[in-house]
Amino acid sequence: MACDSATCGSSSCGSQEACCAPQKKPTGSQLVFCVKCKEGVVARVVANQSEPMCLGCLHASLLSKFKTAINNHSLVTPSDNVLLAFSGGPASRVALEFLREIRSKAQSDKDASRDHRSGLTVFGLGVVFVNEATVLQVSSADAQLVEDKISSIVCTGSPRLETLHIARLEDVFKNELSQRLRALLESVQDMTGREDLIEYLRMQVLQQVAKEHGYTKLVLGLCTTRIAARVLAATAKGQGYSLPADIQYLDSRWPVPVVLPLRDCVTRELVLHCHVANLDTVFIRNLSTMADRSSSINNLAHTFVTSLQEENASREYTIARTAAKLMPFSFNYSECPSTYLANRRRKDLLATNITPMNNKEMSSSSGSEVLCPVCSSPLDMLDYCNSDTDRVSLEENGRHIDEEDLEYCGGSDRGIHSFTHQSIAFQTVFCASCRFQILPDVHTKGIQTYELLPGSMRERAQKQFKDKYSWMRHQIEDLLIEEDGAESQT
């Protein structure tokens, strides 16, 4: 549904988005006035689903949503050092502009009140761009051209220039060649799984940059439109249990918490603002835009949401707000209510019959939640602990778990590879979506894919595998016969 007009000028055209460029100003009796400013100013755009607005009120409306999300959910504080994940698209471009505006206002207030309150602080701001040229196998010259465009946008238009970090997707492997990234993606046959894996690797790179440079918050340009598409895609992929974790304002399961201040803004309004405010954007090809719309679940969900928006502009909000009614996880709160923790913990204990001590043994850095080693999605404790996959796979191979296996799990990669070749039990530490789309067959490509994963993901998988079987052994330790007692009876 790209625009065919040669005079459009919108940077979104050609990127599978509906044309959002403002139409020519109506004349005569067709004049429509802004409903916000009440000063007889002719409206230029339609925002908030059906409200005619002038350009100034469009900016004020988007900025108000941005500030409201930050203030109501404590997403950014004066003491924070914020890193913005910049892709060159309208969402991240608007986020950069608004963060600059808020920071400039805070700096002005600090300068004006320096004699009275010298303790005022202003949050730091940095920008990171992850170049995914290796995935598309483009030339180094084209990759450098993209980086130059991003640098030109970030390094202009602000009196206080932000630090720009350029990273590459293969940096997740730490000092290893890009051939490993290509081999990893080629081992994943499912197009949806390949797109998801790239997203997971990108997040790992963003976290690496944030930790290395001392940032305390990571801002993503995820807006209502993308959240609506993600809700539908996650539902189709069987990620319903972990869905609430990815669509909240705050996500602190990561070492550097992730925040979504654009969560209440739709793509159409962001594109309009970039167009009328002359904010430069960059359209960068990726795996999704180069593929057919029906090639993956993610593309199908995006196309479906776009078609719904054309019929009724409120559909995006409806999907996102309906999904927001799902119960969030503890890491989605800046200060988690005690009642929430009590209710969720009671639910987990009743479902799995796990004692508090054992649940603590299996817990991750995100409180009582156990996360998938690949996508970091919370795992349903009922499925995770009571899965029959382990028992069936061990019976098929005619062996049992012993201490030697557990030593392999916590030791070298050779040990864990040796064990996985004999049993599919190891795959139970991953979520269902990763098992079926990224690690489809443990006996062939599943092993190959696992060996190509970044070291951080493999280490988490090994630790969870060992913790799970330690917990299983603890659950049945009262029924086990000690070896000395068995020998004396014989």
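Student: What makes T225, A228, A229, L232, A233 and A236 in α7 count as meeting α10?

Tutor: They meet I297, N298, A301, H302, F304 and V305 in α10, and contact means heavy atoms within 4.5 Å. This is a predicted model, where local features need pLDDT of at least 70, side-chain atom pairs count only at pLDDT 80 or more, and totals for chains, interfaces and linings use all residues. Residues are numbered from 1 along each chain as its sequence is written, and side-chain values use heavy atoms, leaving out hydrogens and water.

Student: Why is α7 called oblique to α10?

Tutor: Their axes come within 8 Å and cross at roughly 130 degrees. Angles under 35 degrees count as roughly parallel, over 145 as roughly antiparallel, 65 to 115 as roughly perpendicular and the rest as oblique. So α7 is oblique to α10.

Student: And what makes α6 roughly perpendicular to α10?

Tutor: Helix α6 (residues 191-212) and helix α10 (residues 297-311) pack at about 85 degrees, with axes 7 Å apart. That angle is why α6 is roughly perpendicular to α10. T192, E195 and D196 of α6 touch I297, N298 and N299 of α10.

Student: How many charged residues does the contact of α6 with α10 have?

Tutor: By class, there are 2 charged, 3 polar and 1 nonpolar. Asp, Glu, Lys and Arg count as charged; Ala, Val, Leu, Ile, Met, Phe, Trp, Tyr, Cys and Pro as nonpolar; the others, Gly among them, as polar. The contact of α7 with α10 has 9 nonpolar, 3 polar and no charged residues.

Methods: Axes fitted to C-alpha atoms, helices over the stretch in contact; angles between N-to-C directions. Helix = DSSP H or I, 4+ residues; strand = E, 2+ residues; numbered from the N terminus.
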